[in-house]
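Here are a few friendly notes to read alongside the model.

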Amino acid sequence: MRAPVAMRTPMVSARGLSKEYGSGAARVRAVRGLDLDVEAGETVAIIGPSGCGKSTLLYLLGGLERPTAGSLRLVDQPLEQLPEAGLARLRRHALGFVFQAFHLVDELTATENVELPLLLAGASPHRAHKRAADLLRSVGLADRAGHLPSALSGGQRQRVAIARALVNEPAVVLADEPTGNLDSEATTEVLRLFEQLRADGQTLVLVTHDERIAATADRLLTMRDGVLVDETRLSGGSGRSLGAITGLEE
Amino acid sequence: MGRLLLIWRLVRGDITRRRVQSLMLVVMIAATTATLTLSLALHGVTDSPFAHTRAATNGPDVSGLFEPDYHGTAGTLQQFKALRRAPGVIGSSGLFPITELELTYGGHKVRVHAEGRNSNRAAVDQPLLTAGQWTTPDGVVVERSFADALGVHVGDTIHLAGRALDVAGIAVTSAMATSDPLVWLDSSTLLALAGRSEPLWYALNLKLSDPAAAGTFAAAHNTPNAAWLFQSWQEIRADDSTAIADERQLLATGSVLLAIIAVAGIAVMVGGRMAEQTRRVGLLKAIGATPSLVALVLMAENLLLAAMGTIAGLAVGRVVAPALTNPGTSMLGNPGSPSLNANTVGLAAALAAVVAVAATGAPALRGARTSTIRALTDPARPPQRHDGIIDLSARLPVPLLLGLRLIARRPRRAELAIASVAIAVATFIATLMLRHTTVLGVKAAGNILAAAKQNNLDHVGNILSVILVVIAAINLLFTTWATVLDAQRPTALARSLGATPNQITGGLASAQLLPGLIAAIIGIPAGIVLYLAAGENPSQANPPILAMLAVIPATLFAIGILTAIPARIGANRPAAEVLRSE
């Protein structure tokens with residue numbers, strides 16, 4: 001049973017967050033003075049048209065981009081003062097990424113892809129292997145553990161990527177269009193996993209332009225031209241089956 | 001005409017867009033062609049100075065030395081002298097007394113052959129003074145290459161068997177190979193010095209009615225156990241040209257090594273931009289270019305660069321050759337610039353064309369065969385997987401884990417890097433051994449001329465080493481950069497999974513350092529083999545083991561320095577940009 005949202009500690013907190021690219025006439029303001037709080041255990045979906053800055057916002061939250069202005073706290077730690085190595089360590093222990101293009105390492109098996117963050121964090125090969133096997137089992141891919149990404153379907157690849165994002169037990173999972181490259185059946189597989197994550201109290205920030213996926217969140221933020229223009233708190237997300245909400249299953 | 005214009009525009013556009021790569025390709029082909037030109041041009045360059053000297057000194061067709069204790073016991077001095085009237089002999093000079101004496105000068109102690117002469121001009125073998133005057137009772141004339149090696153000049157005082165003598169003159173001769181230091185003394189002075197302890201030998205110089213038959217004459221009179229030895233002028237010429245023959249052999253070996261390094265470098269460059277080339281092929285085909293036109297564009301570009309490299313290489317070879325083909329001061333004149341005949345130019349151009357076509361044929365053929373859509377969308381070469389390396393790397397620290405896995409993705413690139421660095425290390429080791437031999441030669445009493453010749457060889461070895469090391473360094477930079485570009489996605493992904501920039505830099509650097517370590521280990525024995533292949537004496541090749549082993553950390557240090565900057569640039573490239581682009 002999850003605690004009420006109002007009582008939870010903010011996992012992510014952004015104030016006046018801005019990101020600009022280029023200069024002069026070529027300057028692009030991808031994110032403009034944005035404020036955002038994400039509570040622990042909350043699932044936040046950010047929707048908006050292509051080019052509105054939602055992916056940039058996600059990369060800012062993950063410390064993969066440096067903001068041009070504003071402040072950002074992740075797991076109560078200010079990001080703007082952290083050096084690159086500090087950001088890397090934070091990503092290693094507190095964040096998990098899920099990408100639209102999966103970004104699995106082509107020459108590594110499913111298990112080896114999932115092990116990778118643990119090995120980067122200095123875990124023993126034995127521990128990494130065991131944890132990866134457990135996670136692959138939990139995402140229903142135990143029988144595909146030894147397969148290369150090229151031998152997996154799109155949905156299976158994304159499930160491997162989700163297992164990889166969870167392997168270090170991160171405080172926050174950031175997902176960038178996680179179903180953008182998937183067909184309906186694979187989308188359902190992935191949504192089930194996110195449903196499970198929500199049920200387990202995993203903090204999740206999800207960028208999508210698919211409103212059906214966004215409908216599964218606790219809170220829906222709409223972004224346009226680099227700013228959040230609308231916020232909707234969804235009540236049904238936690239109570240109903242995701243497939244039923246999205247209409248992807250009976 | 002329109003087709004030619006299109007090809008020209010595409011070729012010019014691509015060369016302009018990747019100026020640095022194009023320049024490096026030209027440099028590599030130029031270096032290879034220049035070295036090949038040098039080794040080809042050295043053939044026969046010694047003939048001219050020897051012929052010049054022989055004519056100027058009225059050199060003998062056959063030189064004889066009566067050395068009863070050295071060669072054998074059959075025959076008397078009178079019988080040796082009687083050969084002046086042997087059939088076919090039309091002129092002679094001698095007998096000239098010769099003895100071995102110890103010469104001391106400026107800290108050197110050298111055993112020399114001292115030949116007694118008088119003030120009269122000999123009929124055959126008239127040593128030509130290049131400085132000073134002919135022998136006096138208190139003076140000595142020193143053979144020019146020996147004088148140069150020793151550093152003596154006219155007016156200096158030397159000691160022969162303890163007696164002080166002034167250097168009266170410096171001269172050249174074609175009467176005997178100058179492997180032994182030679183001086184001329186007044187006969188009476190020589191006999192006085194020789195009377196102390198040393199044995200006397202005698203020299204006899206003969207002119208034959210048929211100089212071409214000198215070898216037959218010498219062989220006929222070099223009977224078993226004879227107390228003398230005759231040398232034909234052809235043998236003397238061959239002995240004198242030994243140094244250049246060694247240089248030629250070294251350069252020929254060097255040009256082969258350079259060709260291998262050039263192919264390795266070009267293959268890395270081409271492989272590094274294979275994906276880009278394949279997409280370009282797809283684009284050309286998509287807008288209507290036929291497979292043959294696509295192949296023609298790619299080939300034309302590389303052949304143009306190869307032609308530029310060949311022309312530059314031939315020019316450099318022609319300019320540099322005189323510095324390497326100096327026959328030494330034992331001969332008169334200079335061989336000058338070697339002529340670039342049709343064979344030399346043809347062979348150099350063919351080599352460059354083969355290098356260019358062999359290295360660039362793959363994308364052209366791939367482009368011609370691949371479907372347009374695949375060429376536009378597929379990565380040109382999927383990464384490879386090696387179970388053993390992936391398992392092993394999981395047990396290593398993060399930089400080594402990343403480095404090993406990057407190597408495993410593109411093993412051919414690592415193999416080319418190993419070949420390139422190993423060749424540079426091998427050449428360096430061979431040069432180190434040559435240098436050590438030279439030092440030994442200089443130290444060895446009486447071997448000062450051999451040491452001077454060895455020094456020339458050492459000089460050629462140094463030049464080759466520098467060229468090979470520079471080309472290998474360029475290769476290494478390109479290999480690192482190709483690795484950085486190829487690893488953009490995995491390294492950006494590793495960043496997103498928590499790898500620090502230092503770990504990524506370490507990974508990219510170790511992807512070069514690990515092959516570099518293997519190359520250094522292979523390069524040491526390969527260098528010894530190279531030294532022996534260059535015809536050097538293995539008994540003299542014992543440079544300090546520590547100096548040779550120090551090449552391993554030195555190589556790794558050099559690789560570390562060379563790869564640090566590209567690796568750091570690669571590690572600092574914004575990960576989000578790469579991850580978002582796909």
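**Notes on the sheet, helices and interface**

1. A:R73 has A:P78, in β5(A), as its bridge partner. Strand β4 (residues 69–74) of chain A pairs with β5(A) in the antiparallel sense over 2 bridges (strands are DSSP runs of E of at least two residues, helices runs of H or I of at least four, numbered from the N terminus; pairing takes at least two DSSP bridges). This is a predicted model, where local features need pLDDT of at least 70, side-chain atom pairs count only at pLDDT 80 or more, and totals for chains, interfaces and linings use all residues. Residues are numbered from 1 along each chain as its sequence is written, with chains lettered from A and ligands numbered from 1 in the order written.

2. The open sheet of chain A has 4 strands in the order β2-β1-β4-β5, with antiparallel pairing. β2 (28–39) and β5 (77–78) of chain A are at the edges with a single partner strand each, so one side of each has no neighbour in the sheet.

3. Helix α3 (residues 110–120) and helix α4 (residues 125–138) of chain A pack at about 125°, their axes 8 Å apart (axes are lines fitted to C-alpha atoms, for helices over the stretch in contact; angles run from 0 to 180 degrees between N-to-C directions). That makes α3(A) oblique to α4(A) (under 35 degrees is roughly parallel, over 145 roughly antiparallel, 65 to 115 roughly perpendicular, the rest oblique).

4. Between the chains, 25 residues of chain A are in contact with 27 of chain B (C-beta atoms, placed from the backbone, within 7 Å). The largest share of chain A's side, 6 residues, comes from α2(A).

Terms used
Two residues are in contact if their C-beta atoms, placed from the backbone, lie within 7 Å.
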